[in-house]
Amino acid sequence: MDEPVIKNTDFISMQNVCKRYGNETVLRDINLQVKAGECIVLVGHNGAGKTTLMKLLLGLTKPTSGSVKVLGDDPAFNASVAKHKALGYLPESVAFYDAMTGREVLRFYARLKAVSNDECEKLLELVGLADAAKRKVGTYSKGMRQRLGLAQAMLGEPQLLFLDEPTTGLDPLLRQHFYELIDDLHKEGATSIISSHALNEVEARANRFIIMKSGVIVASGTLEELYQQAALPVRMKISVTPGEASSVAQRFNADVSITHINNESLSLACITGEKMPLIRHITSLGDVVNDMQIMPPRLDEVYSHFMNGDAS
Amino acid sequence: MKMLWILAVKELRDGLRNRWIAAAIFLLGSLALALSLLGSAPTGSVSVNELDITVISLSSLSVYLIPLIALMLSFDALVGEFERGTMMLLLTYPVTRWQVIMGKFLGHVLILFVAILAGYGGALLIMIFITNGNTEGWQAYAMMMLTTLILGAVFIALGYLISVYVKERASAAGAAIGVWLMFVVMYDLILFGVLLLDEQQLMSQQLLSILMLISPTDSYRILNLSLFEGVSQASGIAGIASQAGMSGIVLFLVMLAWIILPLSASLLLFQRREL
């Protein structure tokens with residue numbers, strides 16, 4: 001790597017960032033630190049400020065107040081533009097020069113990043129556009145544009161990737177493929193910030209989630225941390241000897257709520273702190289319990305908690 | 001510099017791809033030929049050099065046509081990319097905003113350069129061929145080609161200013177037509193009107209000179225009609241320009257200022273623009 005070594009903590013830092021367009025406040029009091037190698041997923045409804053946050057980090061807009069630093073510099077100033085070489089961006093609903101062919105578009109962007117034409121061909125192959133490379137971009141379908149967008153974002157093996165709703169318009173197979181590509185970049189040490197609505201897709205991939213609501217970060221952390229912050233109940237399901245369900249149900253104390261019961265199974269919920277005592281209690285029940293499942297925390301639960309809940 | 005070149009080449013290729021350049025070459029070339037062939041008829045090619053006559057008629061036509069072509073080329077340059085969303089992506093690449101504007105400018109001037117060189121230059125070669133190698137007056141013709149390019153650059157720069165200022169492409173197109181009307185038609189008409197109404201001659205000769213000098217189109221006209229003796233005698237404008245203190249250099253500087261000022265203003269507005 002010929003880029004100057006950047007201190008780990010300096011990769012991205014936002015401090016007390018506010019952004020207003022006219023009277024409308026789009027972002028308020030954003031504080032964010034991103035370390036090298038992290039994969040951050042931004043979630044939030046439309047208009048929550050995810051795209052604006054990315055634009056600030058890309059230097060496309062300037063904050064109304066507060067400071068933004070990317071790779072150690074303010075991205076909005078010319079001096080840091082050279083560092084954009086280490087940066088890949090896939091905008092939401094990406095647009096290209098329609099009169100150019102896919103190959104021409106990619107080569108144009110490649111020249112700006114001083115990337116070779118061979119590299120372009122590899123990327124076209126990688127995103128499955130090699131056959132369509134001679135066609136004008138104006139004739140491309142939504143999915144093909146998205147793939148071309150992905151190819152341009154990956155030019156020059158970026159250290160820092162900004163992907164705004166990257167998988168919209170991709171079919172399931174391509175989505176899978178796309179995440180494999182991202183994983184490969186991560187193995188080489190790339191850092192990425194992805195905004196997504198497809199919660200189940202990104203769940204397993206992110207180091208950290210940032211939940212945004214009306215221009216504010218309402219929660220941030222790993223899935224487990226968010227789960228605790230949300231104080232969502234731990235859910236378990238146990239299978240018991242058929243017919244014994246109701247008698248087993250009577251043997252739980254009041255801390256445990258039984259959310260569902262039928263002849264041979266019970267669904268249980270308890271607060272996080274009661275989890276281990278509950279497990280010990282279940283194991284003490286003896287042979288009547290055949291099986292036990294602890295439901296893993298799910299992002300959509302956390303998400304809907306923070307979206308609907310009274311989180312300040 | 002390399003970035004400027006990459007961006008300029010893209011514009012140039014766009015111009016080739018959509019046959020813009022071909023159309024402009026055809027238009028300029030056929031006009032130049034038609035005017036030169038027709039132009040030689042009334043004078044009977046006795047006393048006046050044919051190329052000089054062509055310079056007069058061609059520059060009088062270029063003053064209308066070239067600004068229109070230049071504005072058509074440039075009005076969409078920035079607002080079109082804002083609207084389509086391609087500008088946003090472009091600016092996340094290692095290019096500065098001034099490089100984007102200057103690269104486009106370089107590219108668009110190159111397109112005009114190719115069109116003028118091939119169109120007017122090609123016509124010149126044909127004329128020389130027809131007159132059995134008579135090259136007398138080529139300097140004035142070459143100067144006309146150069147000043148035409150500068151005139152084009154002025155309106156490309158003005159087109160960018162429109163393009164960065166307006167919110168939508170449609171209003172950019174309207175504003176471009178407005179700018180064309182104002183600079184090419186209205187300004188002189190208003191000036192004439194004022195002169196006609198000004199019976200007491202309140203407007204001094206000097207003021208009139210200045211008012212003509214500050215217009216890029218008038219500067220272009222005067223440059224072409226007065227700089228070379230042959231042309232200025234044929235056009236009947238001999239002495240007027242020098243009398244009014246309009247030296248060639250001043251006229252050139254005025255036109256350059258008309259490039260630099262709108263370009264700088266566009267750049268300033270672009271720097272402030274949020275995407």
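**Chain contacts, domains and sheets in a predicted model**

Colleague: How many residues of chain B are in contact with chain A?

Modeller: The structure is a predicted model. On the chain A side, 22 residues take part in the contact. Their counterparts in chain B number 19 residues.

Colleague: Which helix supplies the largest share of the side of chain B that touches chain A?

Modeller: Two helices of chain B, H1 (2–17) and H5 (86–90), each contribute at least two residues to the side that touches chain A. The largest share amounts to five residues, and its source is H1(B).

Colleague: By class, how many nonpolar residues has the side of chain B that touches chain A?

Modeller: Five residues of that side of chain B are polar and five are charged. The nonpolar residues number nine.

Colleague: What distance separates the centres of domain 1 and domain 2 of chain A?

Modeller: Domain 1 of chain A is made up of residues 8–96 + 153–227, and domain 2 of residues 234–296. Taken over C-alpha atoms, the centres of these two domains are separated by 41 Å.

Colleague: Which strands stand at the edges of the open sheet of three strands in chain A?

Modeller: The order of this sheet is S2-S1-S4 in chain A, and the pairing is antiparallel. An edge strand has a single partner strand, so one side of it is left without a neighbour in the sheet. The strands in that position are S2 (24–34) and S4 (65–70) of chain A.

Colleague: What is the bridge partner of Cys18(A) in S4(A)?

Modeller: Strand S1 (residues 12–21) of chain A runs antiparallel to S4(A), and five bridges join the two. For Cys18(A), the bridge partner in S4(A) is Ser65(A).

Colleague: In which sense do S5(A) and S6(A) pair, parallel or antiparallel?

Modeller: Strand S5 (residues 87–90) of chain A is covered on both faces, with Leu87(A) and Tyr89(A) buried on one side and Gly88(A) and Leu90(A) buried on the other. One bridge to S6(A) joins Gly88(A) to Leu161(A). Over four bridges, S5(A) and strand S6 (residues 160–164) of chain A pair in a sense that is parallel.

Colleague: Why does Glu121(A) count as partly exposed?

Modeller: Glu121(A) lies in helix H3 (residues 117–126) of chain A. A residue is buried at 20 or more C-beta neighbours within 10 Å and exposed at 12 or fewer. Glu121(A) counts as partly exposed because its C-beta neighbours inside 10 Å number 15.

Terms used: Residues numbered from 1 in each chain as written. Chains lettered and ligands numbered in written order. Predicted model: local features only at pLDDT ≥ 70, side-chain atom pairs only at ≥ 80, totals over all residues. Contact = placed C-beta atoms within 7 Å. Nonpolar A, V, L, I, M, F, W, Y, C, P; charged D, E, K, R; others polar. Domains from an automatic or database assignment. Pairing = 2+ DSSP bridges.
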